[in-house]
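Colleague: Could you walk me through this model as if I were new to reading structures? I would like to ask things as they come up.

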Amino acid sequence: MSQARLSQRYRHISFVFPAFVLLMITAVEGSPLCGQDAPQGPIAPPPEHHVTRIGNVSEPEAPPSLPEADIIKRFSAKEDEYILSRGRYTYRKTIRIQEFGADGQPAGEFVLVTQPGRDADGKLFEKAVERPSSTLQHFFLRSEDLEGLQRIPAFPLTSGQLAKYDLKYLGKERVDEIDCYIFQAKPRMVERVKAYFDGIVWVDAKYLEVVKTYGRWITDQGDVHAIADLPFSLFETYREDVDGKYWFPNYSRSDGTLNLKGLEIPVRVVIKWTDFKFAPSAPQAPASPTPSISPKP
């Protein structure tokens with residue numbers, strides 16, 4: 001990929017959340033967003049990713065010149081490529097869970113840093129590379145409490161999963177200097193032990209690659225909470241260019257309010273993937289884009 005293409009395509013992305021899309025899930029299909037369609041409490045967004053969550057949706061604009069079915073087919077094929085390619089990279093993953101005080105400032109946090117690895121039996125796991133640290137004041141977390149985060153697929157709309165979804169074209173939006181097609185993904189059916197993506201994807205209109213997603217994972221029991229007992233279900237996930245060839249997730253965030261002993265505590269989880277390095281012998285990530293869920297009794 002040429003340097004000119006990289007300069008035009010990747011350098012200028014600021015990841016500003018489109019003002020009109022957040023309520024699309026409810027506006028088009030009438031499904032609830034479980035209280036996370038606006039920032040919870042007085043939390044200010046982190047500086048590297050400004051998030052605007054307002055507005056509603058009018059009628060979609062005219063369809064793109066390229067048939068919608070072709071757009072979907074082509075971006076899902078690239079998702080197939082990316083899910084395989086990502087398994088040949090190592091990376092550093094930082095999970096940061098914060099609680100906020102009445103002044104809107106962080107009052108405590110839990111931080112876990114991991115890398116992909118395999119045990120003696122060849123089973124994939126996330127190994128801690130730094131000792132977990134916590135200054136949380138209102139609840140206690142262990143590394144194993146975050147296992148649900150490991151089951152959230154990075155690429156939900158691979159070609160093998162398309163038959164399970166209805167995808168609807170919503171319009172076109174310019175994100176900085178990148179024109180994006182916007183699609184809503186709704187599962188055609190839900191199950192008890194498998195979760196499906198319900199949300200929005202942004203697709204680069206020129207290169208037909210997913211550059212951003214926003215949504216939740218659901219079963220017939222409702223929203224899946226990635227961390228037990230914490231209100232994280234809706235995630236906004238951004239991607240970055242790796243080696244000028246792949247769009248890999250590099251930032252994911254969810255906000256919520258924890259009700260604990262009569263207190264309403266704003267909380268946030270931010271996941272960052274950094275230091276991607278090509279390593280053909282790297283532990284291969286699971287290829288299944290549909291997580292299995294242990295249903296609650």
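Predicted model: local features only at pLDDT ≥ 70, side-chain atom pairs only at ≥ 80, totals over all residues.

Colleague: OK, how many helices and strands does the protein chain have?

Modeller: The protein chain has four helices and twelve strands, where helices (H or I, at least four residues) and strands (E, at least two) are DSSP runs numbered from the N terminus.

Colleague: And what share of the residues is buried?

Modeller: Of the 297 residues in the protein chain, 50% are buried, and here buried means under 20% relative accessible area, exposed means over 50%, and partly exposed lies in between (1.4 Å probe, protein chains only). As for contacts, meaning heavy atoms within 4.5 Å, 63% of those between residues at least 6 apart in sequence join residues at least 24 apart.

Colleague: Which residues touch the most other members in the largest nonpolar core?

Modeller: Those are Ile97 and Ile227, in a core of 39 residues, and strand S12 (residues 263-278) gives the most to this core, with six residues. A nonpolar core is a set of buried Ala, Val, Leu, Ile, Met, Phe, Trp, Tyr and Cys residues joined through side-chain atoms within 4.5 Å. There is also a second, separate core of 21 residues, which includes Ala185, Phe197, Val203 and Val210.

Colleague: Switching to helices, how far does H3 reach?

Modeller: Helix H3 (residues 68-86) has 19 residues and spans 27 Å from its first C-alpha to its last, close to the expected 27 Å, a value found as 1.5 Å times one less than the number of residues. Several residues of H3 are buried, including Ile72, Phe75, Tyr82 and Arg86.

Colleague: Why is the pair of Tyr82 and Phe248 called edge-to-face?

Modeller: The ring centres of Tyr82 and Phe248 are 6.5 Å apart and the planes stand at 85°, so the pair is edge-to-face. The rule is that rings of Phe, Tyr and Trp (its six-membered ring) pair if their centres lie within 6.5 Å, with planes under 30 degrees apart counted as stacked, over 60 as edge-to-face and the rest as tilted. This pair links helix H3 to strand S11 (residues 246-260), across 166 residues, and both Tyr82 and Phe248 are buried.

Colleague: Which residues share one aromatic cluster with those two?

Modeller: The cluster is formed by Tyr82, Tyr89, Tyr91, Phe155, Tyr246, Phe248, Phe276 and Phe278.

Colleague: And what sits over the ring of Tyr91?

Modeller: The charged end of Arg86 does, 5.0 Å from the ring centre, and the rule for this is that NZ of Lys or CZ of Arg is within 6 Å of the ring centre and within 35 degrees of the ring normal. Lys212 likewise lies over the face of Trp202, at 4.7 Å from the ring centre.

Colleague: Last one: is Thr213 buried or exposed?

Modeller: Thr213 is buried because its relative accessible area is 10%. Thr213 is found in strand S8 (residues 210-219), and Trp202 is one of the residues that Thr213 touches.

Key. Residues numbered from 1 in each chain as written. Heavy atoms only, no water. Lists of a residue's contacts leave out its neighbours within four places in sequence.
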